Amino acid sequence: MEVTYREMRPGDHQFLYDLWKKTPGLTIRKADTYEGFTSFLERNPGFSFVAEAQHQLLGGILGGHDGRFGSIHHLVVLPEFRKQGIGKQLVSLSLEKIQSAGIEKCHIFINKDNLAGMNFWKNLDWVERLDLTMASYTF
């Protein structure tokens, strides 16, 4: 099976949203609605990617930046296609675009109970930040 990669499109939302909802350790928010998704893609064109094979989506990654720091959201691959390098390639594609925009550091938020996610990122040499505490304000 040949896996190909392409830029994420608004039409990919429903598949990805359904997969996000089924993925343990991934939190769904209002920003994950179709409107939030397409708004994110418009603000960050060319930073998000999907993997597909035989006209079937296998997973995707939302990537972008705010001008200072890169960010990755919702990296996900169908369970039956994990551990084949697809997630790693999606990360690589997004990071290449973020770095080419002149960004020197990228962040991802990982839920504390998402041990599989934490292990994935550590295996890619990402460093857990124990020197920070995150605070949020909800409107």
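What covers the buried residues of α2?

Mentor: The model is predicted, so local features need pLDDT of at least 70 and side-chain atom pairs count only at pLDDT 80 or more, whereas totals for chains, interfaces and linings use all residues. Residues are numbered from 1 along each chain as its sequence is written, and side-chain values use heavy atoms, with hydrogens and water left out.

The cover of the buried residues of α2 includes α1 (13–22), β3 (56–65) and β4 (70–77); contact here means heavy atoms within 4.5 Å. Helices (H or I, at least four residues) and strands (E, at least two) are DSSP runs, numbered from the N terminus. Helix α2 itself comprises residues 34–43, and its buried residues are F37, T38, F40 and L41. Viewed down the axis of α2, these buried residues fall within an arc of 155 degrees, so they line one face of the helix; the arc is taken from the directions between the helix axis and the C-beta atoms. On the face of α2 turned away from the buried side are the exposed residues E35, E42 and R43. For accessibility, buried means under 20% relative accessible area, exposed over 50%, and partly exposed in between (1.4 Å probe, protein chains only).

M8 is placed in the loop between β1 and α1, and it counts as buried because its relative accessibility is 8%. Leaving aside residues up to four places away in sequence, M8 touches F37 and L41, together with L16, S48, F49, V50, G60, I61 and L62. From M8 to G63 the C-alpha to C-alpha distance is 10.0 Å, although the two residues are 55 residues apart in sequence. F37 also takes part in a cluster in which ring pairs link it with Y17 and W20. Rings of Phe, Tyr and Trp (its six-membered ring) pair if their centres lie within 6.5 Å; planes under 30 degrees apart count as stacked, over 60 as edge-to-face and the rest as tilted.

By this rule there are five aromatic pairs. In one of them, W121 and W126 have ring centres 4.7 Å apart and planes at 65 degrees, so the pair is edge-to-face. W121 and W126 are both buried. Another pair, Y137 and F139, has centres 5.1 Å apart and planes at 75 degrees, and is therefore edge-to-face. Here Y137 is exposed, with a relative accessible area of 66%, and F139 is exposed, with a value of 86%.

At 1.5 Å a residue, the 15 residues of α3 should span 21 Å, and the end C-alpha atoms are 21 Å apart, which agrees; the expected span is 1.5 Å times one less than the number of residues. The buried residues of α3 are I86, G87, L90, V91, L93, S94 and I98. Down the axis of α3 they fall within an arc of 160 degrees, so they line one face of the helix. The face of α3 turned away from that side carries the exposed residues K88, Q99 and S100. The cover of the buried residues of α3 includes β1 (4–7), β2 (49–53), β3, β4, β5 and α4; β3 and β4 are likewise included in the cover of α2. Just after α3, G102 has a positive phi of about 90 degrees.

Charged side chains complete the picture. A salt bridge is a side-chain nitrogen of Lys or Arg within 4 Å of a carboxyl oxygen of Asp or Glu, and the count by this rule is five. R6 and D12 form one of them, with the closest N and O atoms 2.8 Å apart. R6 is buried because its relative accessible area is 15%, and D12 is buried at 4% relative accessibility. Salt bridges also link R6, D12 and E52 in a network.

Another salt bridge joins E128 to K112 (3.6 Å, N to O). E128 lies in the segment after α4 (115–123) and K112 in the loop between β5 (106–108) and α4, so the pair ties together parts that are 16 residues apart in sequence. E128 is partly exposed at 31% relative accessibility, while K112 is exposed at 71%. R129 and D131 also meet in a salt bridge (2.9 Å, N to O); R129 is partly exposed, with a relative accessible area of 36%, and D131 is exposed, with 56%.
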